[in-house]
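Please open the model in your viewer and keep the sequence panel beside it. The stops below can be selected one after another.

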Amino acid sequence: MDHQPVPPGSPALEHWAAPLTKVGWFIPPFVQMGAIDSVVKAVMTQPAFGQDDLERELAPLYRPISLAAMVRLRHAQAAVIEEYAVTIEEAIEAHILGLDHVAVAGLVPVIEGAARRLATRHGVASSGQLKPVLRGLIDACKSHAVTRQLGAVGEVLSMLESFRGFLETYLYAHSETYPLADRTNRHGIAHGAYADRDYGRPLNFYKTIAAVDFLTFVSTFIGGGSWFAPAFTPRTLFLARDWLEQRVARDVRLGRTTPKGLMIELAELRAAAPDLSGQPLDEALQL
């Protein structure tokens, strides 16, 4: 593993957890601390910070190239999560194509299935209602982190508690009492209580893919693996470029304008590997 034992009393991240929980977010794994700190500062300094603001702040954290690296180099290699890697990749592709209803609906069962299987691997009861399963899984991870002194223990515990708050207050809250405008709520989405107009925005995807990422982080407690964001590779570069080329082609066909940020990233990806630009994409993806 890339995480190393440290003495007890390592710094916690409570100063991040509270403001992020307030706006329906949590401390995400596989994201540089400076980027998380920037989001926290925006939450604390912008008046009336809302879900539109949160969506704008999170967009740079979930760029196509970052998503491609995560799905190929973390999700597909993590214990338990690897069993859902195809579904996760299809959901990411749907998101980049602008199909966020489908993307989010595809990830919701991944979160539940992976959580139950991870709970079993941790020796936690995995049947019945999901909330108690998630509580047991998080408690097992906290105990594991303290006992084995994994990473900066205080920070790990803060992350686990932050994720617990997100699950119980938002993702698995009663759909009728969900407190935020974005409606990232498992029950409302999975049971059809939310119609098209109620969700299906990029923010819903950012929150659900981050939950998958967090379970990927949890999987390292039993199967090992890095806690660092994955590096970009030729394979992930071409995968992200392929997704974006498809998005542009779809937008042209439908008479839509591709968002400026995606166009900028596509231009960057096209320029990033000029030596491979003439290679067939299906061959490049096997590098």
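Predicted model: local features only at pLDDT ≥ 70, side-chain atom pairs only at ≥ 80, totals over all residues.

Residues are numbered from 1 along each chain as its sequence is written, and side-chain values use heavy atoms, with hydrogens and water left out.

**The helix pair**

Select helix H6 (residues 100-121) together with helix H7 (residues 130-148), whose axes come within 9 Å and cross at roughly 50°. Helices here are DSSP runs (H or I, at least four residues), numbered from the N terminus, and the axes are lines fitted to C-alpha atoms over the stretch in contact, with angles running from 0 to 180 degrees between N-to-C directions. The angle makes H6 oblique to H7, a class that takes what remains once angles under 35 degrees count as roughly parallel, over 145 as roughly antiparallel and 65 to 115 as roughly perpendicular.

Now show the side chains of Glu 112, Ala 115, Arg 116, Leu 118 and Ala 119 on H6 and of Leu 130, Val 133, Leu 134 and Leu 137 on H7, which make the contact (heavy atoms within 4.5 Å). By class, this contact of H6 with H7 has 7 nonpolar, no polar and 2 charged residues; Ala, Val, Leu, Ile, Met, Phe, Trp, Tyr, Cys and Pro count as nonpolar, Asp, Glu, Lys and Arg as charged, and the others, Gly among them, as polar.

**Salt bridges**

How many salt bridges does a search of the whole structure find? The search finds 18, each being a side-chain nitrogen of Lys or Arg within 4 Å of a carboxyl oxygen of Asp or Glu.

Go next to Glu 55 and Arg 201, which form a salt bridge with their closest N and O atoms 2.9 Å apart. Glu 55 is in helix H3 (residues 51-58) and Arg 201 in the loop between helix H9 (186-190) and helix H10 (202-223), so the pair links distant parts of the chain, 146 residues apart. Glu 55 counts as buried at 19% relative accessibility, where buried means under 20% relative accessible area, exposed over 50% and partly exposed in between (1.4 Å probe, protein chains only).

Arg 117 is partly exposed at 41%, and Glu 83 is partly exposed at 47%.

In helix H11 (residues 234-254), pick Asp 251 and Arg 247, which are 4 residues apart and so separated by about one helical turn. Their side chains meet in a salt bridge (2.9 Å, N to O), with Asp 251 buried at 1% and Arg 247 buried at 12%.

**Loop residues**

Select Ser 175 in the loop between helix H8 (153-171) and H9, where it is buried at 15% relative accessibility. Beyond its neighbours within four places in sequence, Ser 175 is in contact with Asn 185, His 187, Gly 188, Ala 193 and Tyr 194.

Finally, inspect the backbone at Phe 30, in the loop between helix H1 (14-22) and helix H2 (33-45), where phi is near 60°, a positive value in a residue other than glycine. Most residues other than glycine have a negative phi. Val 80, in the loop between H4 and H5, also has a positive phi, near 75°, and is buried with a relative accessible area of 2%.

Conventions. Helix = DSSP H or I, 4+ residues; strand = E, 2+ residues; numbered from the N terminus.
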